[in-house]
Amino acid sequence: MFDVHAWDRFVHDVPGRRFQERYRRMQEQNGSAWKRCAFVCGGILLCLVGLFFMAVPGPGIPIFAVGLAFIAQESVAVARLLDRAEIRLRGWWKRLRRR
């Protein structure tokens, strides 16, 4: 189920490293192959639903982002991608707020 302590660690990790740290923690747990496969398949499904909702009215971007986060728990490449994206989005947000 939902682990409040894991979420708290994720939120308080250093921006630009938080997804990679989450990946590392998930790999240390040595979960079953079925559970790991379920996270990746669930993430792919959420990404597809998010893409669908980008074309029609709905919350496409948040659903897509959650799907990527699920996949990032099992893929270091996706975790690195999301860490880089977070840094860029934070920079854009700072510049936007200055205006």
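## The largest pocket

The largest pocket of this predicted model holds about 1100 Å³ of space. A pocket here is an open set of points on a 1 Å grid over the protein atoms alone, where a 1.4 Å probe fits, with protein on both sides within 12 Å along at least five of seven lines. Its volume is the space filled by probe spheres set on the points.

Lining residues, which have an atom within 4 Å of a point, number 32, and the closest to the pocket centre are Trp 7, Phe 10, Phe 19, Ala 69 and Phe 70. The elements that each give two or more residues to this lining are α1 (4–12), α2 (18–28), α3 (33–55), α4 (60–72) and α5 (76–98). Helix α4 gives the most, with nine residues. Helices are DSSP runs (H or I, at least four residues) numbered from the N terminus. The lining comprises 22 nonpolar, two polar and eight charged residues; Asp, Glu, Lys and Arg count as charged, Ala, Val, Leu, Ile, Met, Phe, Trp, Tyr, Cys and Pro as nonpolar, and the others as polar.

Arg 25 is found in helix α2. Beyond four places in sequence, Arg 25 touches Arg 9, Phe 10 and Asp 13, contact meaning heavy atoms within 4.5 Å.

Glu 74 lies in the loop between α4 and α5 and is likewise buried, with a relative accessible area of 14%. Leaving aside neighbours within four places, Glu 74 is in contact with Tyr 23, Met 26, Gln 27, Arg 36, Phe 39 and Val 40.

## Basis of the values

Residues are numbered from 1 along each chain as its sequence is written, and side-chain values use heavy atoms, without hydrogens and water. Local features need pLDDT of at least 70 and side-chain atom pairs count only at pLDDT 80 or more, whereas totals for chains, interfaces and linings use all residues.

Technical notes
Buried < 20%, exposed > 50% of the residue type's maximum accessible area, 1.4 Å probe, protein only.
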